[in-house]
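Student: I would like to learn how to read helix packing and pockets in a model. Please take the features one at a time.

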Amino acid sequence: MSTASELLAEVRQDLAPIEAEIRRHPYLAAVKAGGVSCEALRALPGTQYHMWQSDLRSAAHLVERFGGGPHAQFFLGVLNAEVTAKEPIRDLAAALGMTEANLEAFEPSPKGFAYASYFAWLSQFGSAGEVACGLAVNLAAWGHNCGAVSSGLRHAYGFSSQQTAFLDVFAALPDLDGAAVEIVADDLEQGASPLRIKRAARLIQAYEAAFWDAMAEAANLKLPHEASAKAA
């Protein structure tokens, strides 16, 4: 168990720079200041709607693979979160004047959809430990940003708590580290590769950052790393 705990701690240390980048993403400050147009804000529910459709199937596949084992509740919880997400996404979209037909017609950018694509791959080929470690690390950052955007929408745009419920659910997610450590420990005992577990967390966090970059690009916001690249 201590080896799994050390591995998770090492993952968090290695990913601290991108974690900080995600949590201070310029999109959050722009929403807080009311600086993102309603048209640009539609990219959030629009992209999430298509990600949800993919993630729901991915979570169901994880339950199919791991739902009969000792950590069934963890994977059932992931699936349940996806099952209950549809109506809150609709409510967020409706607040921005989008119908479900608009959501279906919305075209997510490759950068915005990359997370869902990787999660689909992980649900098919990743070990239980890879999935659990990746989600434990990722959902903490995702939840923080959901809370920041929800607060901005309520204070700068006048959204109601019902309209931000999709974001608020993720902002209130419990810490997953305890469950992740147990799953990773079992994985390691069965010969899982620590390198693959660390890689899964690194990639899923990179795709999380890409999602927020996509939201910023939809709002025509300048990204610090892009400015640095041009200067170089």
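Predicted model: local features only at pLDDT ≥ 70, side-chain atom pairs only at ≥ 80, totals over all residues.

Tutor: Residues are numbered from 1 along each chain as its sequence is written, and side-chain values use heavy atoms, with hydrogens and water left out.

Student: How is a pair of packed helices read?

Tutor: Two packed helices are described by the angle between their axes and by the distance between the axes. Helices are DSSP runs (H or I, at least four residues), numbered from the N terminus. Axes are lines fitted to C-alpha atoms over the stretch in contact, and angles run from 0 to 180 degrees between N-to-C directions.

Student: At what angle do H10 and H12 pack?

Tutor: Helix H10 (residues 128–156) packs on helix H12 (residues 177–189) at about 155°, and their axes are 8 Å apart. H10 is therefore roughly antiparallel to H12 (angles over 145 degrees count as such).

Student: Which residues of H10 and H12 meet?

Tutor: Contact means heavy atoms within 4.5 Å. From H10 come Ala128, Gly129, Glu130, Ala132, Cys133 and Ala136, and from H12 Asp177, Ala180, Ile183, Val184 and Asp187. By class, the contact of H10 with H12 has seven nonpolar, one polar and three charged residues. Ala, Val, Leu, Ile, Met, Phe, Trp, Tyr, Cys and Pro count as nonpolar, Asp, Glu, Lys and Arg as charged, and the others, Gly among them, as polar.

Student: How do H9 and H10 cross?

Tutor: Their axes come within 10 Å and cross at roughly 150°, which means that H9 is roughly antiparallel to H10. Tyr115, Phe119 and Leu122 of H9 make the contact with Glu130, Val131, Leu135 and Asn138 of H10.

Student: How is empty space found?

Tutor: Rolling a probe the size of a water molecule over the atoms shows where empty space is left. A pocket is an open set of points on a 1 Å grid over the protein atoms alone, where a 1.4 Å probe fits, with protein on both sides within 12 Å along at least five of seven lines; lining residues have an atom within 4 Å of a point.

Student: Which residues are closest to the centre of the largest pocket?

Tutor: The largest pocket holds about 430 Å³ of space (the volume filled by probe spheres set on grid points joined across faces, edges and corners). Of its 25 lining residues, Ala81, Glu82, Leu139, Phe170 and Leu173 are the closest to the centre. H6 gives the most to this lining, with six residues.

Technical notes: Helix = DSSP H or I, 4+ residues; strand = E, 2+ residues; numbered from the N terminus. Parallel < 35°, antiparallel > 145°, perpendicular 65-115°, else oblique.
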